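Subject: Structure handover

Hello,

Here is the structure I promised to pass on. Please open it first, then read my notes below.

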Amino acid sequence: MKGSGKVLRGRPIVAGTADGPALVLRQPLSLAGGMSLKTGQIVDVHAPQIGAVVTGRVLVMPVGRGSSTTSTVLAEAIRLGIGPSAIVLPEVDQILALGAIVARELYGRICPILQADPADFEGIRTDDWISIRDDGSFSVRPGTGDAG
(Lines give C-alpha, C1' and ligand atoms only; values in the text may rest on other atoms or scores of the structure.)
Protein backbone atom coordinates (compact mmCIF):
# COMPACT_ATOMS: atom_id res chain seq x y z
CA MET A 1 0.00 0.00 0.00
CA LYS A 2 2.64 2.53 1.02
CA GLY A 3 4.39 2.97 -2.27
CA SER A 4 1.39 2.51 -4.54
CA GLY A 5 -0.62 5.63 -3.79
CA LYS A 6 -3.72 3.68 -4.81
CA VAL A 7 -7.17 4.71 -3.69
CA LEU A 8 -8.36 2.74 -0.65
CA ARG A 9 -11.87 2.22 0.57
CA GLY A 10 -12.91 3.44 3.99
CA ARG A 11 -16.17 4.14 5.74
CA PRO A 12 -16.98 7.76 6.51
CA ILE A 13 -18.06 8.10 10.14
CA VAL A 14 -18.20 11.87 9.67
CA ALA A 15 -18.03 12.64 5.94
CA GLY A 16 -15.82 15.34 4.53
CA THR A 17 -12.64 16.00 2.60
CA ALA A 18 -9.22 16.61 4.08
CA ASP A 19 -5.55 16.33 3.26
CA GLY A 20 -2.52 16.33 5.46
CA PRO A 21 0.44 14.51 6.91
CA ALA A 22 -0.38 11.61 9.21
CA LEU A 23 0.38 11.62 12.90
CA VAL A 24 0.19 7.98 13.91
CA LEU A 25 -0.56 7.04 17.50
CA ARG A 26 -0.45 3.31 18.23
CA GLN A 27 -2.06 3.83 21.64
CA PRO A 28 -5.39 5.53 22.45
CA LEU A 29 -5.21 9.19 23.43
CA SER A 30 -7.64 11.09 25.60
CA LEU A 31 -7.97 14.56 24.10
CA ALA A 32 -9.41 15.74 27.43
CA GLY A 33 -6.23 16.43 29.35
CA GLY A 34 -4.07 14.83 26.67
CA MET A 35 -4.04 17.72 24.19
CA SER A 36 -3.49 21.43 24.82
CA LEU A 37 -6.35 23.61 23.61
CA LYS A 38 -3.86 26.47 23.34
CA THR A 39 -1.29 24.81 21.10
CA GLY A 40 -2.78 21.58 19.71
CA GLN A 41 0.18 19.80 21.26
CA ILE A 42 -0.05 16.35 22.87
CA VAL A 43 0.62 16.93 26.56
CA ASP A 44 -0.23 13.49 27.99
CA VAL A 45 2.99 12.48 29.77
CA HIS A 46 2.22 8.82 29.08
CA ALA A 47 1.85 9.31 25.32
CA PRO A 48 4.88 8.25 23.27
CA GLN A 49 4.19 11.26 20.99
CA ILE A 50 4.21 13.85 23.81
CA GLY A 51 5.08 17.21 22.28
CA ALA A 52 3.75 16.36 18.81
CA VAL A 53 1.22 18.83 17.39
CA VAL A 54 -2.06 17.50 15.96
CA THR A 55 -3.01 20.77 14.24
CA GLY A 56 -3.46 20.30 10.51
CA ARG A 57 -2.49 16.64 10.66
CA VAL A 58 -4.51 13.53 10.00
CA LEU A 59 -4.65 11.87 13.40
CA VAL A 60 -4.37 8.10 12.97
CA MET A 61 -5.11 6.18 16.15
CA PRO A 62 -6.70 2.93 17.27
CA VAL A 63 -9.49 4.57 19.29
CA GLY A 64 -9.99 7.55 21.56
CA ARG A 65 -9.68 7.21 25.30
CA GLY A 66 -11.74 8.81 27.97
CA SER A 67 -15.17 10.11 28.67
CA SER A 68 -17.62 12.28 26.81
CA THR A 69 -15.43 15.27 27.67
CA THR A 70 -13.24 14.15 24.77
CA SER A 71 -16.00 15.09 22.31
CA THR A 72 -16.20 18.56 23.85
CA VAL A 73 -12.44 19.01 23.61
CA LEU A 74 -12.38 17.84 19.99
CA ALA A 75 -15.23 20.20 19.03
CA GLU A 76 -13.48 23.11 20.73
CA ALA A 77 -10.12 22.28 19.11
CA ILE A 78 -11.82 22.21 15.71
CA ARG A 79 -13.57 25.52 16.46
CA LEU A 80 -10.26 27.12 17.48
CA GLY A 81 -8.51 25.82 14.36
CA ILE A 82 -6.00 23.76 16.34
CA GLY A 83 -7.58 20.34 15.89
CA PRO A 84 -6.59 17.64 13.45
CA SER A 85 -7.61 18.03 9.82
CA ALA A 86 -9.13 14.52 9.99
CA ILE A 87 -9.08 11.36 12.09
CA VAL A 88 -8.57 7.81 10.80
CA LEU A 89 -9.55 4.86 12.99
CA PRO A 90 -9.82 1.09 12.48
CA GLU A 91 -13.16 1.04 14.33
CA VAL A 92 -16.00 3.44 15.06
CA ASP A 93 -15.48 5.76 18.02
CA GLN A 94 -18.79 7.42 18.89
CA ILE A 95 -17.24 9.93 21.30
CA LEU A 96 -14.86 11.31 18.65
CA ALA A 97 -17.64 11.27 16.06
CA LEU A 98 -19.85 13.31 18.35
CA GLY A 99 -17.17 15.98 18.73
CA ALA A 100 -16.71 16.27 14.96
CA ILE A 101 -20.49 16.36 14.39
CA VAL A 102 -20.94 19.11 16.99
CA ALA A 103 -18.14 21.16 15.38
CA ARG A 104 -19.80 20.77 11.97
CA GLU A 105 -23.29 21.64 13.21
CA LEU A 106 -22.41 24.49 15.58
CA TYR A 107 -19.35 26.03 13.93
CA GLY A 108 -19.56 24.93 10.30
CA ARG A 109 -16.11 23.35 10.53
CA ILE A 110 -15.48 19.88 9.13
CA CYS A 111 -13.11 17.31 10.60
CA PRO A 112 -13.76 14.09 8.71
CA ILE A 113 -13.55 10.84 10.65
CA LEU A 114 -12.87 7.74 8.64
CA GLN A 115 -12.97 4.06 9.54
CA ALA A 116 -10.21 2.30 7.62
CA ASP A 117 -9.79 -1.40 7.05
CA PRO A 118 -7.45 -2.68 9.79
CA ALA A 119 -4.80 -3.79 7.24
CA ASP A 120 -4.83 -0.35 5.56
CA PHE A 121 -4.76 1.33 8.99
CA GLU A 122 -1.67 -0.65 10.02
CA GLY A 123 0.16 0.40 6.85
CA ILE A 124 -0.03 4.14 7.59
CA ARG A 125 3.13 5.78 8.95
CA THR A 126 3.70 9.18 10.51
CA ASP A 127 4.24 11.84 7.82
CA ASP A 128 2.56 9.79 5.06
CA TRP A 129 0.31 12.17 3.10
CA ILE A 130 -3.36 11.22 3.42
CA SER A 131 -6.14 12.54 1.20
CA ILE A 132 -9.71 11.78 2.29
CA ARG A 133 -12.78 12.14 0.09
CA ASP A 134 -16.45 12.56 1.05
CA ASP A 135 -17.32 9.00 0.05
CA GLY A 136 -14.79 7.51 2.49
CA SER A 137 -12.19 6.65 -0.11
CA PHE A 138 -8.70 7.81 0.72
CA SER A 139 -5.16 7.65 -0.59
CA VAL A 140 -1.88 7.37 1.26
CA ARG A 141 1.41 8.53 -0.24
CA PRO A 142 4.70 7.91 1.51
CA GLY A 143 6.05 10.86 3.44
CA THR A 144 9.33 11.43 5.17
CA GLY A 145 7.99 8.82 7.60
CA ASP A 146 9.11 7.32 10.82
CA ALA A 147 8.32 3.94 12.32
CA GLY A 148 4.84 5.35 13.14
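Where do Glu76 and Arg79 lie, and how many residues apart are they? Both are in helix α2 (residues 69–80), three residues apart, about one turn of the helix. Helices here are DSSP runs of H or I with at least four residues, strands are runs of E with at least two, and both are numbered from the N terminus.

Some ground rules. This is a predicted model, in which local features need pLDDT of at least 70, side-chain atom pairs count only at pLDDT 80 or more, and totals for chains, interfaces and linings use all residues. Residues are numbered from 1 along each chain as its sequence is written, and side-chain values use heavy atoms, with hydrogens and water left out.

Salt bridges

Side chains of opposite charge can pair when their charged atoms come close. The structure holds six salt bridges. The term means a side-chain nitrogen of Lys or Arg within 4 Å of a carboxyl oxygen of Asp or Glu. Three of them follow, with exposure for each partner. Buried means under 20% relative accessible area, exposed means over 50%, and partly exposed is in between (1.4 Å probe, protein chains only).

- Glu76 and Arg79: the closest N and O atoms are 2.6 Å apart. Glu76 is partly exposed at 23%. Arg79 is partly exposed too, at 34%.
- Asp135 and Arg9: their side chains meet at 3.6 Å, N to O. Asp135 sits in the loop between β7 (129–132) and β8 (138–141), and Arg9 in the loop between β1 (7–8) and β2 (10–14), so this pair ties together parts 126 residues apart in sequence. Asp135 is partly exposed at 42%. Arg9 is exposed at 52%.
- Arg57 and Asp127: the closest N and O atoms are 2.6 Å apart. This pair links distant parts of the chain, 70 residues apart. Arg57 is in the loop between α1 (31–34) and β4 (58–60), and Asp127 is in the loop between α4 (118–122) and β7. Arg57 is buried at 16%. Asp127 is partly exposed at 25%.

Helix α2

Back to the helix from the opening question. The expected span is 1.5 Å times one less than the number of residues. Its buried residues are Thr70, Ser71, Val73, Leu74, Ala75, Ala77 and Ile78. Their cover includes α1, β5 and α3. Gly81 follows α2, with a positive phi near 80 degrees.

Helix α3

α3 (residues 94–107) has 14 residues. From first C-alpha to last it reaches 19 Å, close to the expected 20 Å. Asp93 caps its N-terminal end, with a side-chain oxygen 3.0 Å from the backbone nitrogen of Ile95.

Which residues of α3 are buried? They are Leu96, Ala97, Gly99, Ala100 and Ala103. These cover an arc of only 160 degrees around the axis, so they are on the same side of α3. The arc is taken from the directions from the helix axis to the C-beta atoms. The cover over these buried residues includes β2, α1, α2, β5 (86–89) and β6 (113–116). The face turned away from the buried side carries exposed Gln94, Glu105 and Leu106. Gly108 follows α3, and its phi is positive, near 70 degrees.

Best wishes

Key: Contact = heavy atoms within 4.5 Å. Polar contact = N/O pair within 3.5 Å; in protein donor to acceptor, adjacent residues only side chain to side chain.
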